[in-house]
Amino acid sequence: MTGVVLLISSCNDLDLNPLAAGSSENWYSNEVEIEMALKDLYRDVFWPMDSEDWTDDYTYRETNSSIVNGTLNGQDGSVTSLWTNQYKAIARANTILANMDKAASKGINQSKIDLYTAEASFVRACMYACLVSHFGDVVYLTEVVDIETAFTIGRTPKADIIKATYADFDKAVAGLPVKYSGGSQRATKGAALALKARFALYNGDWSVASDAAKACMDLNVYKLHPSYSNLFLTTTRNSEESIFVIPRSITNKVTIGGGIVLNTISRNPGGWAAMDPSWDLLAAYTCTDGKPIDESPLFNPHEPFKNRDPRCTATIVEFGSRHLGFVYDPHPDALEVLNFKTGKMQKNNDNRANAQYASFNALIWKKGVDESWLENGKDADPDKIIIRYADVLLMYAEAKIELNQIDESVLEAINKVRSRAYGVDKAAINDYPAVTNLDQASLRKIIRTERRMEFAKEGLRYMDLVRWRLATKALTNKSYGILYPAALLREKVTSKGLWFWPVTPQIDEDGIPDFSEMELAGQITVLSKRNWDDRQYLWPIPTKEVLINDNLSQNPGY
Amino acid sequence: MLLAVIFMSFSSAKIFAMENSEGITIPLTKVTLAEAIKKIEATTDYTFFYDAIKTNLRQQVTLKADNQKIEDVLNALLKTTDLHYKITDHQIALIPKDNFKSTQSKKRITGVVVDETGIPVIGANVVEAGTTNGTITDLEGKFSLDVPLNADLLLTYVGYVSANLKVGSADHYNVQLVLDSQGLDEVVVVGYGTVKKKDLTGAVASLQGDMLSSRKTTQLSTALQGAVAGVLVTRDNSAPGAAATNIKIRGVTTIGDSSPLVIVDGVPGDINQVNPNDVENMSVLKDAASASIYGSRAAAGVILITTKRASENDLTLGYNFEYGWEIPTKQPEYVGIQRFLEMTNELRYNDNNAGGMYQTYSQDQVENWIKYNATDPNNYPITDWTDLILKGSAPRQTHSLNIAGGSKSVRTKASVTYDKTDGLYADRYYERFMTRVNNDFKINNYLGATLDFNFKRSKSHQPVFDPINRMRIAAPVYAAVWDDGRMAEGKSGSNPYAIMENGGSKDSWYNQIGGKASIDFTPIEGLKISGIVAPIYNFDKIKSFSLAAAYTLANDPNTIGGYYEGHSTTKLTEDRNDSYNVTTQFIATYLKTLGKHDLNIMMGYENYFQYNETLFASRDQYELTNYPYLDLGPLLLRDNGGSAYETAYRSMFGRVMYSYANKYLLQANIRYDGSSRFHKDYRWGSFPSFSAGWVLSEESFMKDADLNWLSFAKLRASWGTLGNERIGNYPYQATIAFSNALFYQNGIAVSELTAAQQQYAIQNISWETTESLDLGMDLSFLDNRLRLNGDYYHKTTKDMLLALEIPDYVGFDNPDKNTGKMSTNGYELELGWNDKAGDFIYNISINFSDFLSEMGDLGGTQFIGDQVKMKGSQFNEWYGYVSEGLFQTQEDLTNSAKINNNVKVGDVKYKDISGPDGVPDGKISSEYDRVLLGGSLPRYMFGGNVSAKYKGFDFSMAFQGVGSQPVRLNSMMIEPLGENWGNIPSILDGNYWSSLKSEVENAKARYPRLTRSNISSNQAMSDFWLFNGRYVRLKNLTFGYTLPVSLTSKVSIDKIRFYASANDLFCLSKFPKGWDPEMGSSSYPITTSLLLGVSVNF
């Protein structure tokens, strides 16, 4: 009898549903749910930027990334995470698109549905653009497939995906608003145009690129932020120059990460100064006369920051300048430096004479870094700028140059960007080295140098090296640094008055510097040999994907 | 001489035997004496006693009874023998005639019978050998008996080895009975019931609680290591309070969770919720026939734990105190400072020839570092991180108190235990308080009840930062402390010593309250109906206060140089988890004996519900560092979250056990289970099983064969199916998961809720089924002194719940589905010997087992790093390249396939096995050149126990090991400059390929050249790094001494025992120097425990 009581009272329902998750079966049935699904596509993880450490703009002490080392394979984390994350976003975008009919049947009005369709198409286009740029031919899916079908699928030729992706971008351009009047700022017409232009540029589709860029410029909603150096600071958010950004926020826990901050900032305020700009980058900035350093009479290798394009010191910390509360001075005899906070001199840890792990090549990043990076436990939350207006201008110019349709609009686009860097009006051609040349070959060189100066540390150098086929040269040379230990540096360089660079490095027609004279003289040291392998112009398809699917081929050379 | 008296009666059977008021009728037969005895016992309620060795049971006798009195029957029967009989209250003693005559001149003796722990044995039989003259011991274990001079007394008690006593001139005797761990009359706990060991048909291992508690581990799970054949217990550290990481019964059954179901006193629970001292016994249900009564959740085997209860007339109090030290067994060693400087430079040179030989450390530094250290330790540090962080030993202590009291109507057993174990590094300890009270009530002849309660509270206190990994990584060239004692910078703020000391601490409290109430109703003899409800509540609280910790400059105590890694702000994180589960059961059992037919029927219903909810909250950037409360942190940087889930199942089950004449044993089980984890159309599954046993030694032809040496022989066979459902809580539902993304709203970044389907769900997902076949035998020889148990099994799992690799371009996480098969073959052997020579009692047992799991068609592949599961592979088989040694010459390098263009002489050479076209393609690629390299799981597991006693002294020893296991030398063991700044393991020095060495030396090199730039390809999984990780370990060694009762009884103490015990005293293995075979590469060390203890019983 007691048992019977227990029996009755103990029956639990076995139809249990998740307590802290929604059900997919009736999702996508109202605006709130669809918009929540769309917003998921803007998560930081789906918008990766190519890393600086895959390029010649970057030095990490004596080590190289697997790409620079030529050891990239299908098991590399960079490869698998890019592949997996982009396809996750694609599947989610496809799911939203597949549910639009259901949404319509639930009474959501057509204008909303068009907007949602445009937004999902935008994300899908961006994801495929990223995949194609890195992997070439990839699997192309526009709907959610079941697992059995998935195993029968192979790679679609790049050309077909490019066409379909342009169409997605066009759908986005047609359906997205120029601006959002209130609420959350999401993808816009301008973003679709700008990213379409970028993808077209990467594919060498110059007229598509120039048309898209032109259309973006003609929207007349974007303009260059007045100050180049302020643009990247946390104090400048979602500026008029930003076309598409993923916001970061310390309070909302989306940041660039303490590890990156510590590796970037100098050692006196407690950083590590390990991820540093390369000498190649320092050498790439033109002088204020617009000439490369080996041609300009204004360049002095002992004072490498003097008379340089202003973006040089906006990107790399000038020796002797104030940086993060200290004077930054890597000179081996600068054993003490001024701490602006205490007003006193203190031991200089940004100097390899005092601190072995101070920057190995004496350079550290300035761009985007300010004293706010020392707060919040040394974390920072500047905007992740996916694309900005200066890029649109330079893409327009580059596409027109490649089309050999060189006109005033091309020069104007370049000069707008350049004059902003000098902080002067475009028309004040005496105050900055305005571009006046109309020759295609010279302009091609100018525009490539301009991009490198303008976009350093913004994740664009890697694809530029790839599409210009420059990695073969730029990533097989050496990465250099100052001599170590300090005694040797003093003996060979500073005691002879040869600090910083004993001589001016030679710059070739692709803007690649040659430091071999100093190396042979024993005045500088080789930090590492870059070892790029040309097979990496296309990344390997992830090993796992190839192993489980017989229909999936690997890229050549792996 | 050892006497063995076999009680040939079955007391349970006698209850229903007919009263023998009339005469006996047995047709005339010529039989052996043994058969005659059985026949009489079968037809009457008389029971025979005799000396099994001295009595010739195979002699032919004549048995005839025609409604005769028993005396007449016996007279006729024994006429031709040299035996006489004596009848006392339905007991017939057969006595040799010469003995019988000398039962004259008696004297009265007294004695006390105690068990191994000195506790009085109540109700033990004390019988004069060969007679019916006997008595039983009283509540204090005392007896008195009139016996002839020089009589042999036999002392027996169920579950104990019989003891004999020669009566001499003394009048008082103290006798100690030794537990018979393999006694055939031992009662074994099985699912929802008990059965005598000799009646078992399935593969069940049974362990006495004393055996587990004697291993002196804090957690019960670790005591189980090496104790049972076929039970593999693994651990990877001995941190305070640490439990075993994994328990596997008969190897691997499924790709998912292979941990067994643990049932504590009939209710699903956790093995570590039970104090080892509270365990009465533990049963491990290994085959499907034994486990299938637990159906859906028993696929990986079942562990049944029964806690101690008081018996009638108990009245005892025991106290035990133990104090000891935990000492690390081994620690990895690293090259000293000099070689570190030299080898670092060599490595950098290898990676960048152009940089020269002194890239990192100048020639001056290399040559003079040690000298400069004496005068300038801040700039030339030499830090031994392990020495600095790890203490030589850590104390531990245990207090426990046991109280038992029983009367006819109420019985209570209570225990209280407090443990505290300190850590091997600063500010770490674990303390635990446990109590358990088991009550039994007898209301009347029809109604009984039990009410059990247990409570456990543990607290673990430790630094927020666990220094072990960093301690092993950190290189000696970084300063831990400046020369004036201040904490130093370490490597750019990575200073494990300072962070451990100053980085704040974390406290975790785990509270568990469990209870069980049952009402037992016995309406008629043999039928018992029980209703049981058993809730368990868990409340966890975790508080982690991570402090901002700064270092000051070496030459300037007033200037902050920076903050330690991960400790630049002060952050409080609080977690609260609470969960509960309720099991309700309704069980009916019915026992019936009809002549030689024994029937045991059980039916039951069970319901289980579990609910779990978590909550966390944190604030960051506290200004104050001594107020670990949420309110005091900045509002802007607060964060919180929570989640919940629930599961339920419902089951009906039943069992029939039948035995005929104790010879033929049959058992059938079925369980019908429904789980909330599956869609309602695929929710229910039924799991049947059958088993049979044949007691060979009961057969007359065996008895006729006159096999004196064989005491008992049984063959067993079983077949059954089991289920598994452990794959998340809602696997069939394509759920929408929520996250967050940031958007600008009016120029401010706002976090908004986002939603996405992340799983690709398969709605018809259902039970995974394991089918298992077991063949076994139980043999005893030489008067049950030698025992051999053996089992062979074959398990097949089908419709395996598996998260197969799907192409990532599908865009969802790998879904679970019913696919794939795997099978496991294995065998187990247990061999035991127990004997006694005078006062010397000893017992040896060893166990051995092996299994091999092979994957069938999985419908795909599952990759897990260096190991793989795919069709035809073993379970988690190593998967990687095949190495061909090291590249020794440039010529070899030029002409060989390479993994990339960065490979140099001195790197690992891999075999080009295939390519995209199925033939070697001149490249080493991860797609085409990796193959199966052998299983990663242990083979040939063994363990054993030896125990001995001599008067007051006792000794025991346990060992355990693995006979073969391919193990990988992992990066923590052999990687130079881990994370590019770390230490260099000393096993590398002198054993790596080097351009500075001769060809002859390099030909013998065990490790590749020093490199960082090519480290990932050298350390890619390949057979180059595999070695046999077999080991044997002395698990426990105990010496004890019990003071003579004559001494202690004067102060009213029953027993005082002192003991010294050591756990994990030594280990033999081929692991690299400094590595314990069981220690995880970044784990807290495995420790040797040295313990001293005293127990007092009143």
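Two strands are said to pair if DSSP finds at least two bridges between them, and helices (H or I, at least four residues) and strands (E, at least two) are DSSP runs, numbered from the N terminus. In this predicted model, 3 strands form an open antiparallel sheet in the order β1(A)-β39(B)-β40(B). Residues are numbered from 1 along each chain as its sequence is written, while chains are lettered from A and ligands numbered from 1 in the order in which they are written. Local features need pLDDT of at least 70, side-chain atom pairs count only at pLDDT 80 or more, totals for chains, interfaces and linings use all residues, and side-chain values use heavy atoms, with hydrogens and water left out.

- The edge strands are β1 of chain A and β40 (748-757) of chain B, each of which pairs on one side only.
- Between β1(A) and β39 (residues 735-745) of chain B the pairing is antiparallel over 2 bridges, and Ser23(A) has Thr735(B) as its bridge partner in β39(B).
- Within chain B, β39(B) and β40(B) pair in the antiparallel sense over 10 bridges, with Ser739(B) standing opposite Thr754(B) in β40(B).

**The interface of chain A and chain B**

- Counting heavy atoms within 4.5 Å as a contact, 107 residues of chain A are in contact with 109 residues of chain B.
- The area buried between the two chains, which is the accessible area (1.4 Å probe) that two parts lose on being put together, summed over both, is about 8,800 Å², and carbon and sulfur atoms give 56% of it.
- Leu14(A), Leu16(A) and Ile147(A) supply 9% of the area that chain A buries against chain B, more than any other three residues.
- The rule finds 9 salt bridges across this interface, a salt bridge being a side-chain nitrogen of Lys or Arg within 4 Å of a carboxyl oxygen of Asp or Glu.
- Arg267(A) forms a salt bridge with Glu489(B), and the closest N and O atoms of this pair are 3.7 Å apart.
- Elements that give two or more residues to the side of chain A that touches chain B include α1 (2-9), α2 (31-40) and α4 (77-98) of chain A, and α4(A) gives the largest share, 7 residues.

**Chain A as a whole**

- Chain A has 21 helices and 13 strands.
- The C-alpha atoms of chain A fill a box of roughly 100 × 70 × 50 Å, taken along the principal axes.

**Salt bridges over all chains**

- Arg124(A) forms a salt bridge with Asp168(A), the closest N and O atoms being 2.8 Å apart.
- Arg124(A) lies in helix α6 (residues 110-135) of chain A and Asp168(A) in helix α8 (residues 158-175) of chain A, so the pair ties together parts that are 44 residues apart in sequence.

**A hairpin in chain B**

- Strands β15 (residues 187-190) and β16 (residues 193-196) of chain B run antiparallel and are joined by 4 bridges, and Val190(B) has Gly193(B) as its bridge partner in β16(B).
- The hairpin of β15(B) and β16(B) has 2 residues between the strands, and Tyr192(B) takes a positive phi near 55° there.
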